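Morning, everyone. Please look at the screen while I bring up today's protein.

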Amino acid sequence: MTGTAPVPFTADDYKARMDRAARQAADAGLAGLLVAPGPDLVWLTGYAPPAVTERLTLLVLAAGREPVLVVPTLEAPDAGKATGAPALALRDWTDGKDPYALAAALLDDRGRFGVSDNAWALHLLGLQQALPDTSYVSLTEALPMLRAVKDAAELERLAAAGAAADAAFEEIRNVRFSGRRESEVAADLAALLRRFGHSQVDFTIVASGPNGADPHHEAGDRRIERGDMVVLDFGGLRDGYGSDTSRTVHVGEPTEEERRVHDLVREAQEAGFRAVRPGAACQDVDRAARAVIADAGYGDHFIHRTGHGIGVTTHEPPYMIEGEERPLVPGMCFSVEPGVYLPGRFGVRIEDIVTVTEDGGRRLNDTERGMVMVD
């Protein structure tokens, strides 16, 4: 089961994104944006180069100017087939020519530019040499909310990715855990994500027993035992948009303490979700979830932020963390994933992707959040 294909994005969709990005850059006092191959380029144009090489590929955006994509001549045919290509001009360069001279001719020679985080130092230094009076700032620093608010078509893809991850969990809870290596269960999870339509699996954390106290534990050779708590955290991309969910299961009957900690994390996750509403600050979500855990005496064992944005990448702004005062806006999507980690013993994390609605929030994951026992 992979579900129905999403409605394709159009050239007009990409044009609107490029126009919006250029306007936001101008509003931020930038001369423009320079976008290298990576998630930003795909989101803005629909173009992903066949291979990321040392040859310069660069989208140049500036308010009031036509978008220009600088590409190697040998990749120009592929770039011209991208869905967003009708909304931009292509400028190609051949081996032996200076691509930085071509790009420099498109830029304000004293401008300050936002540069996508995926840009190679090689290319940025080449531009600086060609235009020594220019300056640069990372796109995440300059325009952190560029991709944060999703439109209806993007929300549909995120919901489908979340449903696929949920389907994978419903299947994995029925497989045998005890006596198997973490890596074996992780392989099962990866196969299930692909079976349910994911084209890319970004992570399959299977952290059993004491390994559960490491939030980013990589599944290894440890054999899962009866009596283990097991943190499952998995996700990837389906139709270009991300999934990310966590559930903590128990092999056999849990102890009273394990139940108590699991119930505490579930309560914190619910508190974080209920804090989601338009106009609330990102940090309010973190505060709501963290207060539940701190009040129960486990505050020192909640060692990461409550959430991160998700879209064409599985981790992106906004972040649900103390000090992030940006207001929530309908269409934002992010995780709510509090946890408690007891070194040498076990960990618990419960995570849903949530989108901000006009009057609150909506979960994009809806599998059982209570204690699930597995064999």
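How does Asp239 count by relative accessibility: buried, partly exposed or exposed? Asp239 counts as partly exposed, at 32% relative accessibility. Buried means under 20% relative accessible area, exposed means over 50%, and partly exposed lies in between, with a 1.4 Å probe and protein chains only.

A word on where this comes from. This is a predicted model, so to speak of local features we need pLDDT of at least 70, and side-chain atom pairs count only at pLDDT 80 or more, while totals for chains, interfaces and linings use all residues. Residues are numbered from 1 along each chain as its sequence is written, and side-chain values use heavy atoms, with hydrogens and water left out.

Now the overall picture. The protein has 10 helices and 18 strands. Those are DSSP runs, numbered from the N terminus: helices are H or I with at least four residues, strands are E with at least two. The radius of gyration is 23 Å, close to the 21 Å that the globule rule gives for 375 residues, so the protein is as compact as a globular protein of that length. That radius is taken over C-alpha atoms, and the globule rule is 2.2 Å times the number of residues to the power 0.38. Along its principal axes, the C-alpha trace spans about 70 × 40 × 35 Å. Of the 375 residues, 54% are buried.

Next, contacts. Contact means heavy atoms within 4.5 Å. Take the contacts with a separation of 6 or more: 67% of them are between residues 24 or more positions apart.

On to helix pairs. Start with α7, residues 152-172, and α8, residues 182-195. They pack at an angle of about 135°, with their axes 9 Å apart. That makes α7 oblique to α8. How do we get those angles? Axes are lines fitted to C-alpha atoms, for helices over the stretch in contact, and angles run from 0 to 180 degrees between N-to-C directions. Under 35 degrees counts as roughly parallel, over 145 as roughly antiparallel, 65 to 115 as roughly perpendicular, and the rest as oblique.

The crossing of α7 with α8 is right-handed. From α7, the contact uses Ala165, Ala168, Glu171 and Ile172. From α8 come Val185, Asp188, Leu189, Leu192, Leu193 and Arg195. By class, that contact has seven nonpolar residues, no polar ones and three charged. Nonpolar covers Ala, Val, Leu, Ile, Met, Phe, Trp, Tyr, Cys and Pro; charged covers Asp, Glu, Lys and Arg; the others, Gly among them, are polar.

The second pair is α9, residues 256-274, with α10, residues 282-295. Here the angle is about 155°, and the axes are 7 Å apart. That makes α9 roughly antiparallel to α10. This crossing is right-handed too. Leu264, Glu267, Ala268, Ala271 and Gly272 of α9 meet Val285, Ala288, Ala289, Val292 and Ile293 of α10. The contact of α9 with α10 has eight nonpolar residues, one polar and one charged.

Arg157 sits in α7 and counts as buried, at 12% relative accessibility. Asp239 itself lies in the loop between β8 (229-238) and β9 (241-242). Its phi is near 50°, a positive value in a residue other than glycine.

Thr245 is in strand β10, residues 245-251, and is buried, at 2% relative accessible area. Leaving aside neighbours within four places, its contacts include Ala165, Leu232, Phe234 and Asn365.

Then Val60, in strand β2, residues 58-61. Val60 counts as buried, at 7%. Val60 and Leu107 are 47 residues apart in sequence, yet 8.1 Å apart in space, C-alpha to C-alpha. Beyond four places in sequence, contacts of Val60 include Leu33, Pro67, Leu106 and Leu107.

One last stop. What kind of peptide bond joins Pro317 and Pro318? A cis one, with omega about 5°. Pro318 lies in strand β12, residues 316-320.

Key: A crossing is left-handed if the near helix is turned anticlockwise from the far one by less than a right angle, and right-handed if clockwise.
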